[in-house]
Amino acid sequence: MALGSAGSQPRLSSASRRRKRSNQQNIQDSKGGIRFLAWAAIMAAAVTFVMGFTCTKLYISSAPGPGLVKKVIFMVFLMCNTISLFSSIVALTHLIWGQRQSDFQLIQKAMLRAMALVTVAFVSILVAFMVGVCFVLIHLPWQTYF
């Protein structure tokens, strides 16, 4: 007994059609999440880039012999800024790769990795911002205010 003619398409059951439709919907929802995470990673990279130039210019233009505290604060700022910039760039590469995938599991893995990297970037920006504020406050001429 033949199972069907050679040119016929297999019929999908209603459950398999619903599963396929829900899978496509999940992929579309995930791609919306990827766009949001990509926007957040781009903002983190832009803020980090600007902060790096601003504080570096302040450090270079400071007094000729900066003390040990100023050097340590500047090094902590540079490390946090570098971590933030690199993690946001790596998160963007994960998100771009995930956007090109059609498998839901791969998209979810890319989003999970990118979320962790964007979280690291934002925490690092927070620490770099606090250290940068301390760095600017150290450079203020406090004697003129009292």
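This is a predicted model: local features need pLDDT of at least 70, side-chain atom pairs count only at pLDDT 80 or more; totals for chains, interfaces and linings use all residues.
Residues are numbered from 1 along each chain as its sequence is written, and side-chain values use heavy atoms, with hydrogens and water left out.

Ala-45 is located in helix H1, which covers residues 14–60; helices (H or I, at least four residues) are DSSP runs numbered from the N terminus. With a relative accessible area of 15%, Ala-45 is buried, where buried means under 20% relative accessible area, exposed over 50% and partly exposed in between (1.4 Å probe, protein chains only). Residues up to four places away in sequence aside, Ala-45 touches Leu-85 and Ser-88; contact means heavy atoms within 4.5 Å. The C-alpha atoms of Ala-45 and Ala-121 are separated by 8.4 Å, although these residues stand 76 residues apart along the chain.

Gln-101 occupies the loop between helix H2 (68–99) and H3. Gln-101 counts as buried because its relative accessibility is 18%. Apart from neighbours within four places in sequence, Gln-101 is in contact with Lys-31, Leu-106 and Ile-107.

The structure contains 3 aromatic pairs. Rings of Phe, Tyr and Trp (its six-membered ring) pair if their centres lie within 6.5 Å; planes under 30 degrees apart count as stacked, over 60 as edge-to-face and the rest as tilted. The ring centres of Phe-36 and Trp-39 are 6.3 Å apart and the planes are at 25°, so this pair is stacked. Both residues belong to helix H1, 3 residues apart, or about one turn of the helix. Phe-36 is exposed at a relative accessible area of 56%, and Trp-39 is exposed at 52%.

For Phe-74 and Phe-135, the ring centres are 5.8 Å apart and the planes are at 35°, so the pair is tilted. Phe-74 lies in helix H2 and Phe-135 in helix H3, so the pair ties together parts that are 61 residues apart in sequence. Phe-74 and Phe-135 are both buried.

A nonpolar surface patch is formed by Leu-126, Phe-129, Met-130, Val-133, Leu-137, Leu-140, Trp-142 and Tyr-145, with about 790 Å² of accessible area together. Such patches consist of residues with over 30% relative accessible area and no salt bridge, nonpolar side chains (Val, Leu, Ile, Met, Phe, Trp, Tyr) being joined within 5 Å. A salt bridge is a side-chain nitrogen of Lys or Arg within 4 Å of a carboxyl oxygen of Asp or Glu, and accessible areas come from the Shrake-Rupley method with a 1.4 Å probe. Leu-126 lies in helix H3 (residues 104–139).

Definitions and conventions: Patches are made of residues with over 30% relative accessible area and no salt bridge: like charges are joined within 9 Å, nonpolar side chains (Val, Leu, Ile, Met, Phe, Trp, Tyr) within 5 Å. Helices (H or I, at least four residues) and strands (E, at least two) are DSSP runs, numbered from the N terminus.
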